[in-house]
Amino acid sequence: MQMSLDNLTRRRALGLGLGALVLTGCGGGGGPRQATQQPATTAAPTAYTGPAVSLAFWNGFTGGDGPFMKRLIEQFNAAHPNIKVTMNVYQWADYYAKVPAAVAAGQGPDLGIMHVDSVATNAARQVVLPLDDVATSLNLTEADFSPPVWQAGVYKGARYSIPLDVHPLGMFYNKTVLSKAGLDPENPPKTGEEYLAALEALKQAGIQGHWATPFPFTGSMQFGSLLYQHGGQLFADDASVSRFAEEPGVQALTWLVELVNKGYSPKNVGQDADLIALQNGKAAFNWNGIWSINTLRAVKDLEWGVAPLPQIGAEPAAWAGSHQFVVFKQRKPDQNKLTAAKVFINWISGHSIEWAKAGQVPARKSIRDGAEFQALKEQAAIGSQIDNLYFLPSVPGIGDASAVVDQAINAAILLKDSPKDALTEAAAKADKILEQNRKKYGA
């Protein structure tokens, strides 16, 4: 499967932030209007009995998961003859540029998908509507999802998105390579001590076990996971200042750099070379996203497995992104369309086991806990991290600030700068961006 997260072709990073993808492409400042100025919304039912309506649904599912969503929409349309959903698919970078412009022109779609770290920005731009009534009328609560992914869709005390999925990092491993080094291919390392011992055994067998990539995809994701495992965080909860250059951040980046210094990783690893090395038997481990499952399944004769990230620090933690449903603001709100859109969101969420097969972890807890999802052993293994995921603060423009961290990680892993110096320089830049964003968005 190609990851449709942004169909990432890895080099795509296009503003890839550490907490998820932040590909907002359109400008426009100003704070949000008061809630009373937003178009009125109605309670969200589980069935639609009004006149026939058509809904335009936009997203960026250009990869292998696109056909899965297309089939879900066909099933929904068949079950709801008075609602016709049509799906328009764009590359994510184009999508995030088109949507605000279309909404401003009064020609926006009815509903869509956004990466969770784009929600606050678009809420501040008055592109998306608050959806508290959806959660309330459908009795959806944090317990129906998980605390991190549920809270990530809240901006200034109001909910602007409903979670569809999470797509976390996991530890993929080549069983054949582990066996060559005398390691148990059915018992991958779970702790930092076990992981380093495995890397040393692999080194003695002439294998560089973990290729440390300096690129945002997935080096920045690995750094963020390690940062939170060491008890740190990227930014203060209110995004008033950066926090990634504090001691936990230095420890996390130093750990990655030491993979190179100790010979556990080659120097100057190219984009995507780490995943290719796993497939070609030149590496044992690759920390990558759940979207890699279908990619590896397609590799003939590859013996592989996947597990949660090993706990290197004092706490379990993993990077994740999340696709979330949003409803777009219209110049002339149509209550029938709003009601039908909410029925659609609830139906897709309730049938998201099919979405899981595309290589995602359903956000809905009832789906994750079901026997059908647990039978998807690779997705279930990565999904077991659900309560230990982190997301960027729900603050407009946060991706602009997180992007500078990518530069620090690149410089340190390429041995051009020390972890501490690289992160300190990036923190100064990030703090300036955070201040600029507060002015830009009226925070």
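Q: Which residues does serine 161 touch, not counting residues up to four places away in sequence?
A: In this predicted model, where local features need pLDDT of at least 70, side-chain atom pairs count only at pLDDT 80 or more, and totals for chains, interfaces and linings use all residues, the count rests on contact, meaning heavy atoms within 4.5 Å. By that criterion serine 161 touches Val119, Leu131, Gly153, Gln324, Phe325 and Val326. Residues are numbered from 1 along each chain as its sequence is written, and side-chain values use heavy atoms, with hydrogens and water left out.

Q: What makes serine 161 buried, and where is serine 161 found?
A: Its relative accessible area is 0%, and buried means under 20%, with exposed over 50% and partly exposed in between (1.4 Å probe, protein chains only), so serine 161 counts as buried. Serine 161 is found in the loop between strand S5 (158-159) and strand S6 (162-163), where helices (H or I, at least four residues) and strands (E, at least two) are DSSP runs numbered from the N terminus.

Q: Why is the pair of serine 161 and glutamine 324 called a polar contact?
A: A polar contact is a pair of N or O atoms within 3.5 Å; within protein, one atom must be able to donate a hydrogen and the other to accept it, and residues adjacent in sequence count only if both atoms are side-chain atoms. The side chains of serine 161 and glutamine 324 make such a contact at 2.5 Å, which therefore falls within the 3.5 Å limit.

Q: Why is the pair of aspartate 110 and lysine 337 called a salt bridge?
A: The term requires a side-chain nitrogen of Lys or Arg within 4 Å of a carboxyl oxygen of Asp or Glu, and the N to O distance between these two side chains is 3.8 Å, so the pair qualifies. Aspartate 110 lies in the loop between helix H2 (92-104) and strand S3 (111-115) and lysine 337 in helix H12 (residues 335-350), so the bridge ties together parts that are 227 residues apart in sequence. Aspartate 110, at 12% relative accessibility, counts as buried, whereas lysine 337, at 27%, is partly exposed.

Q: Which residue forms a salt bridge with lysine 342?
A: The partner is aspartate 133, with the closest N and O atoms 2.6 Å apart. Lysine 342 belongs to helix H12 and aspartate 133 to helix H4 (residues 132-137), 209 residues apart, and both residues are buried.

Q: How do you know that arginine 297 and glutamate 378 form a salt bridge?
A: Their closest N and O atoms are 2.9 Å apart, within the 4 Å limit. The pair links helix H11 (residues 292-297) to helix H16 (residues 377-383), 81 residues apart; arginine 297 is partly exposed at 40%, while glutamate 378 is buried at 15%.

Q: What is the span of H12, and what makes the helix mostly covered?
A: The expected span is 1.5 Å times one less than the number of residues, and H12, with 16 residues, reaches 23 Å from its first C-alpha to its last, close to the 22 Å expected. Twelve of those 16 residues are buried, including Phe344 and Trp347.

Q: How do you know that strands S1 and S2 pair?
A: Pairing needs at least two bridges found by DSSP, and seven join S1 (residues 53-59) to S2 (residues 83-89), which run parallel, so the strands pair. In one of these positions, leucine 55 has valine 85 as its bridge partner in S2.
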